[in-house]
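Please look over the structure shown here before reading the notes.

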Amino acid sequence: MHLGLGAFFRAHQAWYTAHADDAAEWGIAAFTGRSRALADTLTAQDGLYTLAELAPGADHVETVESVVAAHAGTDHEALLRYAADAAVTVMTTTVTEAGYVRGASGIDHEDSRVAADVATLRADPRAPVQTAPARIVAFLLARRAAGGGGLTIVPCDNLPSNGDVLRDVVEDLTSLVDPSLQAWADEHLSYVTTMVDRITPASTDDDVARARAAGFDDAAPVATEPFAEWVLAGEFRGPHPAWETAGATFTDDVVPYEERKLFLLNGAHSLLAYAGSARGHETVAEAFADPLVRSRVEAWWDEACRHLTLPAGDLAAYRVALTARFANTSIRHLLAQIAKDGTQKLPVRILPTLRRERTEGRMPDGAVAALAAWIASVRAGGPALDDPLAERLRPLVGMPADAGSRDLLALLDPALAQDAELVRAVVHAQVLVPR
């Protein structure tokens with residue numbers, strides 16, 4: 001089963017499952033975040049949808065058959081039914097970085113939704129809950145009660161060590177709801193850490209029209225790029241699809257791959273999203289074609305590569321591939337979509353390299369450009385305000401660059417605001433962002 005029935009899941013985990021050698025033995029029951037519109041659409045299509053791999057002059061369209069049931073996230077009874085089914089041995093998730101509801105360590109104890117979910121599950125372990133971690137805890141409580149057996153949870157969001165992060169969140173929430181569940185989880189539950197990579201914009205009416213032109217009557221098509229990568233590390237507590245036969249990589253250590261993708265692709269995406277939007281661009285391809293923005297991306301890649309552990313040849317090849325992927329005008333990857341949740345994304349995409357560069361005595365132009373572009377977007381009331389911390393960002397709209405920069409850097413990491421040279425560099429870089 002899967003939590004997070006969106007376009008990326010359908011282009012990635014569902015696609016890998018459909019292309020595995022044992023695809024006929026597996027099906028996915030998938031849940032939306034909360035809305036039921038997509039679930040209803042896919043249910044009417046028996047879970048079938050078209051996936052178009054877009055490249056200039058070389059589109060490839062196929063039908064994906066691995067989703068066998070689609071549910072609204074609010075369909076809590078269905079969630080509990082799957083929990084009791086021993087045939088369900090894997091849970092994958094794409095709930096976004098914000099969906100983990102993380103605090104400094106574990107779950108965010110200050111979040112009102114978490115408090116409400118804790119109270120709900122204490123009163124009735126089968127009652128509907130709001131957050132993704134609480135849904136997982138409710139699932140585990142029901143599985144224990146039904147004797148459902150081993151389960152492996154495979155998070156597929158862009159977070160370093162996402163398996164460890166999700167385990168910490170779930171275990172912390174478990175300690176608040178029912179500490180006795182942990183002993184059962186230690187015996188029956190495992191988490192796998194993953195790195196996922198496939199640029200997949202949100203679906204549009206143009207995608208529906210493309211599917212129709214290819215002969216498919218599909219109200220829920222997905223458009224993606226030809227490139228796909230999935231790296232997994234960890235122990236499985238039961239059977240899983242033979243994803244390796246579809247091209248997935250199983251390894252003992254996902255970190256080198258994870259950091260390569262997180263810094264070079266996702267970090268560049270954040271820079272493109274904020275700098276490109278400020279310069280009037282709407283898509284990744286448009287922003288990457290802007291010489292000023294591309295120069296900042298190249299500078300960022302140079303900085304990040306100094307701190308990656310994969311061989312230099314691998315990194316160089318990945319940069320060549322990224323250049324082609326970002327320049328792919330057939331993929332209309334909206335900058336506004338990427339700009340969401342900056343306070344969650346920048347600390348993991350940009351700050352590790354920034355800290356290492358500053359420790360080594362350098363002022364990293366690419367990292368500074370990414371932070372400056374984000375701050376400029378907040379101060380201008382731009383797309384950066386689409387964020388879980390929006391209420392803390394809005395008072396800084398219209399603030400002078402110096403004061404606003406210090407406050408926003410402190411929001412990401414208080415130590416950044418204490419680096420006077422960095423603050424000056426970020427303030428100066430903001431005047432270079434607009435046309």
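The model is predicted.

**Helix H8**
- Helix H8 spans residues 181-188, and its buried residues are Leu181, Gln182, Trp184 and Ala185.
- These four lie on the same side of H8, because the arc they cover around the axis is only 160°.
- An α-helix has 3.6 residues a turn, so residues three or four places apart point the same way.
- Ala183, Asp186 and Glu187 are exposed on the other side of H8.
- The partners of the buried residues of H8 are helix H6 (132-146), helix H7 (162-177) and strand E8 (189-191), against which they pack.

**The sheet of E9, E11 and E12**
- An open sheet is formed by three strands, in the order E9-E11-E12, with mixed pairing.
- Strand E9 (193-197) and strand E12 (249-250) are the edges; each has a single partner strand, so one side of each has no neighbour in the sheet.
- Strand E11 (residues 229-233) runs parallel to E12, and two bridges join them.
- Val231 has Thr249 in E12 as its bridge partner.
- Helix H10 (residues 255-278) packs on this sheet and touches E9 and E11. The direction of H10 makes about 40° with that of E9.

**The annotated region**
- An unreviewed UniProt entry lists residues 253-429 as "domain: Mannitol dehydrogenase C-terminal".
- Over residues 253-429, the chain is 71% helix and 0% strand.
- The end C-alpha atoms of residues 253-429 are 37 Å apart.

Methods
Residues numbered from 1 in each chain as written. Predicted model: local features only at pLDDT ≥ 70, side-chain atom pairs only at ≥ 80, totals over all residues. Heavy atoms only, no water. Buried < 20%, exposed > 50% of the residue type's maximum accessible area, 1.4 Å probe, protein only. Arc of directions from axis to C-beta. Contact = heavy atoms within 4.5 Å. UniProt positions renumbered as here; feature names shortened; annotations may be inferred. Pairing = 2+ DSSP bridges. Axes fitted to C-alpha atoms, helices over the stretch in contact; angles between N-to-C directions.
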